[in-house]
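Dear colleague,

Here is the structure for you to look through, with the sequence beside it. My notes on what was found follow below.

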Amino acid sequence: MHTMSKTPYVIGLTGGIGSGKSAAADRFAELGAAIVDTDAIAHALTGAGGQAIPAIRAAFGDAVITPEGALDRKAMRDRAFADPDERRRLEAILHPAIGAESAHQVGAARSPYVVLVVPLLVESGKYRERCDRLCVVDCPVEVQIARVMTRSRLPEEQVRAIMATQASREQRLAVADDVIDNGGDLATLIAQVDRLHENYLAAARAVA
Ligand code: ADP
């Protein structure tokens, strides 16, 4: 028999803003799953000395880079908001870098299965292709809004504006293999993650 490097069993974890992706991922991590978080990767790439900084500086100039060498998120947001071309240019730098780094982290993971957290997973065919199963964290829109307003100190209008750019609850549920109902308390969320963890261990063993 020849030995091949096995691709890990990948669970795509998604949900709208404030649905509870991070809370669910934290529990999967406690249970021993490797977590690959595309938001965290984006932050690292654009933080001080991040790998995307040279390309961003070359494309947009020093005005969007802080003295510490990080992306000035507010300056960049203002420009990207004012000009869709600027937004697309930034995405053309970041998206391939996030895609490559997340693939690298998934490949390097040593846990029985990997949880790949992607806020816009349903919207992105590229990430869906990489997942063996899709797990959606779901909660009522009003609960989502209330939690984001508390967590991020954003006005309701702004939360609704962000949600309008994301897939709807119905669109996500239509493609979910598993659904975590996070309309209840955290203990209820944890119990559901614990159950899914057993299923994912079994599924990963079955294909190993
Ligand atoms: P996401 O990562 O999907 O944006 P988070 O996991 O950050 O969402 O959850 C949004 C906010 O709601 C956080 O402040 C989190 O602590 C809180 N939260 C998540 N799930 C629950 C829950 N079941 N009960 C109460 N608060 C919750």
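Predicted model: local features only at pLDDT ≥ 70, side-chain atom pairs only at ≥ 80, totals over all residues.

Residues are numbered from 1 along each chain as its sequence is written, and side-chain values use heavy atoms, with hydrogens and water left out.

Alanine 23 counts as partly exposed, at 30% relative accessibility (buried means under 20% relative accessible area, exposed over 50%, and partly exposed in between, with a 1.4 Å probe and protein chains only). Leaving aside neighbours within four places in sequence, alanine 23 is in contact with Leu186 and Leu189, contact meaning heavy atoms within 4.5 Å.

Alanine 23 also belongs to a group that UniProt, in an unreviewed entry, gives the feature "binding site", together with Gly18, Ser19, Gly20, Lys21 and Ser22; the positions are in the numbering used here, feature names are shortened, and annotations may be inferred rather than shown by experiment. Of these residues, Ser19 is included in the lining of the largest cavity. Glycine 20 sits in the loop between β1 (9-14) and α1 and is buried, with 15% relative accessibility. Not counting residues up to four places away in sequence, glycine 20 touches Val137 and Asn182.

On a 1 Å grid over the protein atoms alone, a cavity is a set of points where a 1.4 Å probe fits but cannot get out, and lining residues have an atom within 4 Å of a point; the points are joined across faces, edges and corners, and the volume is the space filled by probe spheres set on them. The lining is made by Gly16, Ser19, Val136, Val137, Asp138, Cys139, Gln144, Arg169 and Arg172. Both β4 (133-138) and α9 (169-175) supply at least two of the lining residues, and the largest share, three residues, comes from β4.

Two of the lining residues, Asp138 and Arg169, are also partners in a salt bridge, with their closest N and O atoms 2.8 Å apart (a salt bridge being a side-chain nitrogen of Lys or Arg within 4 Å of a carboxyl oxygen of Asp or Glu). This pair links distant parts of the chain, since arginine 169 is in helix α9 and aspartate 138 in strand β4, 31 residues apart. Aspartate 138 is buried, at 9% relative accessible area, whereas arginine 169 is partly exposed, at 26%.

A search of the whole structure finds 12 salt bridges. In helix α1 (residues 21-30), arginine 27 and glutamate 30 are three residues apart, about one turn of the helix, and they form a salt bridge with closest N and O atoms 2.6 Å apart. Glutamate 30 is exposed, at 58% relative accessible area, and Arg27, Glu30 and Asp194 are linked in a network of salt bridges.

With best wishes

Key:
1 Å grid on protein atoms, 1.4 Å probe; cavity = no way out; pocket = protein on both sides within 12 Å on 5 of 7 lines; lining within 4 Å. Helix = DSSP H or I, 4+ residues; strand = E, 2+ residues; numbered from the N terminus.
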